[in-house]
Amino acid sequence: RIVPGICQDDPADVIRGEETQLAGLVSAIGVSDGIVCMPGTHSKWVRLAGGRVTAFSTVMTGEIFALMAERSVLRHSAAGDGHDEEVFAAAVREMIAAPETLTAALFSVRAMALLDDASPAVCRARLSGLLIGAELAAMGEYWKAGAVHVVGAGPLVARYAQAIDLVGAQAVPED
């Protein structure tokens with residue numbers, strides 16, 4: 001079968017592929033009402049009512065992270081693997097408090113490496129926390145409505161769940 005995707009006109013947005021995850025969430029898990037976050041290259045935030053999508057927003061957080069970590073000046077600081085949960089949490093809180101400072105805060109990742117000899121794991125965690133925190137600040141109309149079903153698997157779902165919990169909402173990971 002072919003699933004055609006979903007579009008909305010105002011604001012203009014599309015879902016192309018993630019609708020199958022939403023169908024599984026509704027039919028297999030039984031979530032028919034609530035908020036869904038699907039982290040990824042282009043994260044989706046979705047409002048469900050009666051098993052139907054009533055609104056959604058796409059956020060390019062994953063793509064921006066990849067571009068910053070692999071192609072910008074931050075690649076020198078954030079190369080490799082690893083994650084520091086405390087640094088990540090502090091960066092999320094920083095963006096929730098002042099999301100308008102994102103572009104200035106991003107360069108601090110490079111400065112931390114140069115001035116404090118911060119490890120790549122610390123730098124990656126800060127970069128991730130800043131971007132996910134800014135996403136959460138922008139998507140407050142979704143997560144402030146109640147529990148958020150975070151759909152996916154792996155470390156990215158765990159980071160989003162941690163960030164959602166940090167802002168005072170309830171994250172419900174769904175594999």
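## Crossing of H4 and H8

Helix axes are lines fitted to C-alpha atoms over the stretch in contact, and the angle between two of them runs from 0 to 180 degrees between N-to-C directions. In this predicted model, the axes of helix H4 (residues 85–97) and helix H8 (residues 155–166) come within 10 Å and cross at roughly 50 degrees. H4 and H8 are therefore oblique to each other, and their crossing is right-handed.

On the H4 side, the contact is made by Glu 85, Phe 88, Ala 89, Val 92 and Arg 93, and on the H8 side by Arg 159, Gln 162, Ala 163 and Leu 166.

## Packing of H2 against H6

Helix H2 (61–71) and helix H6 (120–138) pack at an angle of about 150 degrees, with their axes 10 Å apart. Angles over 145 degrees count as roughly antiparallel, and H2 and H6 are therefore roughly antiparallel to each other. The crossing of H2 and H6 is right-handed.

H2 contributes Thr 61, Ile 64, Phe 65, Met 68 and Ala 69, which meet Arg 124, Leu 127, Ser 128, Leu 131, Ile 132 and Glu 135 of H6. Seven nonpolar, two polar and two charged residues make up the contact of H2 with H6.

In soluble globular proteins, nonpolar side chains tend to be buried together. The largest nonpolar core of this model has 42 residues, and those with the most contacts inside it are Trp 45, Leu 127, Leu 130, Leu 136, Trp 143, Val 148 and Ile 164. Two or more residues each come from strand E3 (34–38), H2, H4, helix H5 (102–116), H6, helix H7 (140–143), strand E6 (148–151) and H8. H6 gives the most to this core, with nine residues. Apart from this core lies another, of ten residues, among them Leu 25, Val 31, Phe 56 and Val 151.

Leu 130 is one of the core residues with the most contacts. Leaving aside residues up to four places away in sequence, Leu 130 touches Ala 91, Glu 94, Met 95, Leu 102, Ala 105, Leu 106 and Val 109.

## Two residues in contrasting surroundings

Ser 57 is located in strand E5 (residues 52–59). Its relative accessibility is 15%, so Ser 57 counts as buried. Not counting residues up to four places away in sequence, Ser 57 touches Asp 13, Ser 43, Lys 44, Trp 45, Met 139 and Tyr 142. The C-alpha atoms of Ser 57 and Leu 22 are 14 Å apart in space, with 35 residues of separation in sequence.

Arg 71 belongs to helix H2. At 69% relative accessibility, Arg 71 counts as exposed. A distance of 27 Å separates the C-alpha atoms of Arg 71 and Gly 17, which are 54 residues apart along the chain.

## Backbone features

Most residues other than glycine have a negative phi, and most peptide bonds are trans. Asp 10 and Pro 11 are joined by a cis peptide bond, with omega about 0 degrees. Pro 11 is placed in the loop between strand E1 (6–8) and strand E2 (13–15).

Asp 117 is not a glycine, yet has a positive phi of about 55 degrees. The residue is found in the loop between H5 and H6. With a relative accessible area of 68%, Asp 117 is exposed.

Technical notes:
Residues are numbered from 1 along each chain as its sequence is written. This is a predicted model: local features need pLDDT of at least 70, side-chain atom pairs count only at pLDDT 80 or more; totals for chains, interfaces and linings use all residues. Side-chain values use heavy atoms; hydrogens and water are left out. Helices (H or I, at least four residues) and strands (E, at least two) are DSSP runs, numbered from the N terminus. Angles under 35 degrees count as roughly parallel, over 145 as roughly antiparallel, 65 to 115 as roughly perpendicular and the rest as oblique. A crossing is left-handed if the near helix is turned anticlockwise from the far one by less than a right angle, and right-handed if clockwise. Contact means heavy atoms within 4.5 Å. A nonpolar core is a set of buried Ala, Val, Leu, Ile, Met, Phe, Trp, Tyr and Cys residues joined through side-chain atoms within 4.5 Å. Buried means under 20% relative accessible area, exposed over 50%, partly exposed in between (1.4 Å probe, protein chains only). Ala, Val, Leu, Ile, Met, Phe, Trp, Tyr, Cys and Pro count as nonpolar, Asp, Glu, Lys and Arg as charged, and the others, Gly among them, as polar.
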